[in-house]
Amino acid sequence: MRIGFIGLGHMGLPMCRNLLAKGHAVKAWDVVPALVDKAVSLGAARATSVADCVAGAEAVVTMLPSSPHVRAVYAGPSGVIANAKPGTLLVDSSTIDPLTAREMAFDALAKGLPMVDAPVSGGTAGAEAATLTFMVGGAAKDFEPAKAILECMGRNIVHCGASGNGQVAKICNNMMLAVGMIATSEAMTLATALGMDPKVFAGIVNTSSGRCWSSDTYNPYPGVLDGVPASRGYTGGFGTDLMLKDLTLVTEAAKTARVPVLMGAVAQQVYQKHSADGHGGSDFSSVIIQYLKR
Ligand code: NAD
């Protein structure tokens with residue numbers, strides 16, 4: 001297929017490379033010229049603007065930082081919706097708020113452009129290895145064609161229901177993850193402060209009812225697990241500022257839906273403090289530092 005790809009950052013560039021590896025003809029665009037150069041060196045064609053990127057495309061994939069960037073790329077006279085030819089399938093894999101995703105899909109459909117939201121989990125490692133999970137929101141008839149493209153970049157492609165539901169799944173999952181990580185950090189720190197060996201305590205938790213992904217797969221306490229960010233100074237992994245962004249999206253969405261998310265709101269503030277303390281670039285499991293340094 002002829003695919004326009006917009007947003008060649010940490011996730012987008014390897015995703016673009018995997019589309020090329022599967023034989024698609026990709027035309028790439030980013031506001032940073034050096035990133036377009038990199039995509040061209042991988043075999044993509046060079047686009048000179050959003051309009052140029054999407055003009056001859058049969059599908060468009062975007063991987064942008066957040067809602068305002070998605071709006072800037074899709075809306076307006078120089079945007080994707082105004083310049084893609086009718087019938088072009090639009091796939092936005094950015095993590096954004098569900099309402100913006102629904103609004104963009106509505107505006108796209110009005111111009112004859114089917115659009116799905118398809119945020120990912122799996123991080124940069126998943127993007128490199130084409131093992132991402134895609135959570136797809138959109139009409140059932142658009143899911144299969146989107147899946148054919150997404151399978152080049154990921155392993156699990158899940159239809160979550162109507163437009164925006166991919167974003168709903170993504171941000172609600174990450175709210176649980178953040179709350180679980182903070183709870184694990186508190187329990188690990190308290191048990192250790194009260195005299196337990198952290199490895200022994202983690203072992204008990206992981207065969208007991210406190211077990212969660214943050215305790216058994218991604219434990220934040222240094223030295224408990226090998227090969228996790230906690231064992232290498234919280235480098236790599238999923239950044240604090242990306243988690244903070246998702247928590248801000250989910251607490252805003254909860255306000256709109258008038259659903260109380262008390263733990264989610266506390267987690268948003270804990271991560272906001274952690275970022276303000278200078279840990280925005282560290283893996284999100286470094287939130288345990290908020291407790292350990294006391
Ligand atoms: P990034 O900042 O590295 O990349 C985004 C790219 O978009 C940048 O290269 C930027 O120049 C480009 N861009 C911004 N505005 C643009 C515009 N108007 N026109 C064209 N290009 C524009 O971000 P990332 O880490 O690749 O993440 C992308 C999305 O994926 C985010 O929504 C993020 O929340 C989500 N995500 C990231 C990870 C991760 O581990 N990095 C994991 C899961 C989901």
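1. Helices (H or I, at least four residues) and strands (E, at least two) are DSSP runs, numbered from the N terminus. This is a predicted model, in which local features need pLDDT of at least 70 and side-chain atom pairs count only at pLDDT 80 or more, while totals for chains, interfaces and linings use all residues. Residues are numbered from 1 along each chain as its sequence is written, and side-chain values use heavy atoms, with hydrogens and water left out.

2. On the overall fold, the protein has 14 helices and nine strands, and its C-alpha trace spans about 65 × 45 × 35 Å along the principal axes. Of the 294 residues, 50% count as buried, where buried means under 20% relative accessible area, exposed over 50% and partly exposed in between (1.4 Å probe, protein chains only).

3. Alanine 130 sits in the loop between helix H7 (123-129) and strand S8 (132-137), and its phi is near 55°, a positive value in a residue other than glycine. Alanine 130 counts as buried, because its relative accessibility is 17%.

4. A second residue to look at is tyrosine 234, which lies in the loop between helix H11 (213-216) and helix H12 (240-257). Although tyrosine 234 is not a glycine, it has a positive phi of about 60°, and with a relative accessible area of 9% it is buried.

5. Helix H9 (residues 165-193) and helix H13 (residues 262-279) have axes that come within 9 Å and cross at roughly 70°; axes are lines fitted to C-alpha atoms, for helices over the stretch in contact, and angles run from 0 to 180 degrees between N-to-C directions. That makes H9 roughly perpendicular to H13, given that angles under 35 degrees count as roughly parallel, over 145 as roughly antiparallel, 65 to 115 as roughly perpendicular and the rest as oblique.

6. In this pairing, Met175, Ala178, Val179, Met181 and Ile182 of H9 meet Met263, Gly264, Ala267, Val270 and Tyr271 of H13, contact meaning heavy atoms within 4.5 Å. By class, the contact of H9 with H13 has nine nonpolar, one polar and no charged residues (Ala, Val, Leu, Ile, Met, Phe, Trp, Tyr, Cys and Pro count as nonpolar, Asp, Glu, Lys and Arg as charged, and the others, Gly among them, as polar).

7. H9 also pairs with helix H10 (residues 198-205), where the axes come within 9 Å and cross at roughly 130°, which makes H9 oblique to H10. Here Ala187, Met188, Ala191 and Thr192 in H9 meet Pro198, Phe201 and Ala202 in H10, and the residues of this contact divide into six nonpolar, one polar and no charged.
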